[in-house]
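Me: Please take me through how to read a few features of a model.

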Amino acid sequence: MATRLMADITSACDASMTKVSGRRRRGAVYWWTSEIANLRRSCLRARRFAQRARGRLNADACRASYASARNLLRAAIKSSKRLC
């Protein structure tokens with residue numbers, strides 16, 4: 001009887017909840033380039049360093065590095081959009 005109850009509950013859950021099939025991949029945008037990909041990678045790396053450096057002696061330098069990387073990325077995206 002317990003097996004039958006578990007089977008009924010499982011079938012009810014399967015019917016009422018949708019199954020997630022992985023991440024939805026977005027298509028590439030028209031202005032994306034390999035240079036922007038490299039700048040994004042370096043910007044994310046600088047952000048991780050800045051977040052981990054909070055409260056340490058080199059926090060200001062890491063934050064400044066992240067700000068400059070972010071500005072470079074934004075400028076590259078703007079120029080790429082303008083050219084496309």
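**Pocket, rings and charges**

Reply: The largest pocket holds about 310 Å³ of space. This is a predicted model, where local features need pLDDT of at least 70, side-chain atom pairs count only at pLDDT 80 or more, and totals for chains, interfaces and linings use all residues. Residues are numbered from 1 along each chain as its sequence is written, and side-chain values use heavy atoms, with hydrogens and water left out.

Me: Which residues line the largest pocket?

Reply: The lining includes Arg-23, Arg-24, Trp-31, Trp-32 and Arg-40. By class, four lining residues are nonpolar, one is polar and five are charged.

Me: How is a pair of aromatic rings described?

Reply: By the distance of the centres and the angle of the planes. There is one aromatic pair here. The ring centres of Trp-31 and Trp-32 are 5.8 Å apart and the planes are at 55°, so the pair is tilted (centres within 6.5 Å; under 30 degrees is stacked, over 60 edge-to-face, the rest tilted).

Me: Is Trp-31 buried or exposed?

Reply: Trp-31 counts as buried, at 14% relative accessibility (buried is under 20%, exposed over 50%, partly exposed in between, with a 1.4 Å probe and protein chains only). Trp-32 is partly exposed at 38%.

Technical notes: Phe/Tyr/Trp six-rings, centres within 6.5 Å; stacked < 30°, edge-to-face > 60°. 1 Å grid on protein atoms, 1.4 Å probe; cavity = no way out; pocket = protein on both sides within 12 Å on 5 of 7 lines; lining within 4 Å. Points joined across faces, edges and corners; volume = space filled by probe spheres on them. Nonpolar A, V, L, I, M, F, W, Y, C, P; charged D, E, K, R; others polar.
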